Amino acid sequence: MSSTNQNSGFYKQHQKIYPRQTTGFFTNLRKFSVWGLLGLFYLLPWLKWNNQQLVLFDLPARKFHLFGMTFWPQDFFYLAVILILAALLLFFVTALAGRVWCGYACPQTVWSEVFIWIEQWVEGDRPQQIKLDNAPWNRVKIGKKAIKHVLWLFFSLWTGFTFVGFFVPVETLWFELSSGIIGGWMLFWILFYGLATYGNAGFLREQICLYMCPYARFQSAMFDKDTLIVSYDEARGEPRGSRKRGEEKPGDKGDCVDCTLCVQVCPTGIDIRNGLQYECIGCAACIDACDNIMDKMGYSRGLVRYTTEHALQGGTTHILRGRTFIYAGLLLVITSALMYSVLQRVPLELDIIRDRNALFRDSGDGNIENIYTLKIMNMDEKEHLYTVSIAGIEGIQLQGVDNLHVGSGKVAEVPIKVIVNPDRMTERSQEVMFHIEAKDDPSVAQTQKARFLGPNQ
């Protein structure tokens with residue numbers, strides 16, 4: 001393959017990006033976001049509520065503990081609704097503020113930031129890193145590279161351990177790991193997730209955003225001329241030209257001094273002065289870098305800034321518009337319905353299975369009977385003693401069921417007999433209501449309908 005093909009189109013050879021350190025409001029905001037999200041990730045498995053891990057997806061036991069509540073596979077509906085809400089929230093935020101998710105909260109961005117900080121702490125800022133990489137291998141270079149990769153690996157493996165701690169009780173996991181008795185599958189997932197973090201955040205970095213992330217490809221469909229994006233004010237900055245600090249700006253030049261710092265601080269290596277590009281993750285590092293240069297030159301800030309296409313064209317930005325109203329309305333309705341459903345949720349499930357081998361039976365004393373099986377699932381964190389009652393036909397009676405003990409997370413299948421005087425029935429098939437209630441907590445109760453079949457009238 002020719003050198004021309006190797007450096008063009010899809011076959012362009014990857015070149016390592018060395019993001020330069022910068023300071024400013026958005027840099028501090030990004031650091032606050034990174035530390036906050038990492039704090040949640042690493043602390044949540046260790047927090048407890050009522051002696052139970054605050055967040056635990058216990059797959060073997062088919063129980064999901066979330067902030068003091070326990071959910072079961074039967075509650076999968078809630079997961080589906082939460083995923084819908086997450087998608088709507090992403091659409092809403094993107095329509096308002098572009099790719100702020102990518103720049104401040106995406107896991108790839110968060111972990112890449114930490115790996116970049118470690119790299120800068122060990123090897124120095126951008127010029128020192130480039131100089132070190134271009135230098136021949138010697139004791140200093142080997143030492144710094146070794147220290148960097150050891151820290152990367154330690155941080156990655158701790159990340160893998162924490163990830164598994166969301167699915168296995170973290171205290172048990174730590175005990176088994178420190179004692180050397182950890183199971184093969186748990187060790188596999190710690191290493192797998194740890195090494196995935198090491199590769200993605202240490203080596204792939206911006207390539208995940210550029211080539212693997214689907215959001216980068218379709219997010220522009222959610223943009224319009226009122227979406228907040230990181231933009232270069234071409235009318236003010238062009239024609240660009242270098243000049244010394246304190247030197248009077250030439251009359252034929254714009255405010256851009258062509259320092260290229262906006263390119264050097266960019267984690268994806270783009271030049272924001274070339275216009276909006278799908279590679280831009282909206283981290284605003286170029287805004288802080290440019291504002292710092294504008295301050296030094298005595299020019300007003302905002303040559304690179306968060307703005308909208310309408311504002312750049314001299315128009316008015318409309319924050320409240322059709323799509324934002326639709327997204328906000330859907331978010332409000334679905335969130336309210338979800339919260340109401342969760343608050344009204346009863347940790348008990350009752351299924352009634354009718355015996356289909358016989359429509360009804362004569363009990364021998366003038367009454368008729370139907371046979372049912374009650375399937376009772378206790379989805380609470382403690383054992384309950386339940387009572388069962390039935391209504392719907394005058395004089396209806398239950399036999400074969402009294403007080404039912406069902407342990408936490410257990411399912412009880414109880415055959416019962418329902419007896420009715422046929423003279424009290426107004427139709428051949430009548431609706432009856434089974435009611436089950438916990439003796440120690442009347443709020444834990446369920447009512448289910450069933451059909452009682454009798455002889456032809």
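Me: Which are the buried residues of H16?

Reply: A friendly note to start: this is a predicted model, in which local features need pLDDT of at least 70, side-chain atom pairs count only at pLDDT 80 or more, and totals for chains, interfaces and linings use all residues. Residues are numbered from 1 along each chain as its sequence is written, and side-chain values use heavy atoms, with hydrogens and water left out. Taking buried as under 20% relative accessible area, exposed as over 50% and partly exposed as in between (1.4 Å probe, protein chains only), the buried residues of H16 are Thr324, Tyr327, Leu331, Leu338 and Val342.

Me: Within what arc do the buried residues of H16 fall, seen down its axis?

Reply: The arc is taken over the directions from the helix axis to the C-beta atoms. The buried residues of H16 line one face of the helix, because they fall within an arc of 80°.

Me: Which strand and helix do the buried residues of H16 pack against?

Reply: Contact here means heavy atoms within 4.5 Å. The partners of the buried residues of H16 are strand E5 (69-71) and helix H3 (76-97).

Me: How far does H5 reach from its first C-alpha to its last?

Reply: Helix H5 runs over residues 107-123, 17 residues in all. The expected span is 1.5 Å times one less than the number of residues. For H5 that gives 24 Å, and the helix comes close to it, with a reach of 24 Å.

Me: How many of the 17 residues of H5 are buried?

Reply: H5 is followed by Gly124, whose phi is positive, near 100°. The helix itself is mostly covered, and its count of buried residues is 14.

Me: Is Glu349 buried, partly exposed or exposed?

Reply: Glu349 sits in strand E8, which spans residues 348-354. Its relative accessibility is 24%, so Glu349 counts as partly exposed.

Me: Which residues is Glu349 in contact with, leaving aside its neighbours within four places in sequence?

Reply: Cys280 is 69 residues from Glu349 along the chain, and their C-alpha atoms are separated by 49 Å. With the neighbours within four places left aside, the contacts of Glu349 are Gln74, Lys375, Ile376, Met377 and Met379.

How values were computed. Helix = DSSP H or I, 4+ residues; strand = E, 2+ residues; numbered from the N terminus.
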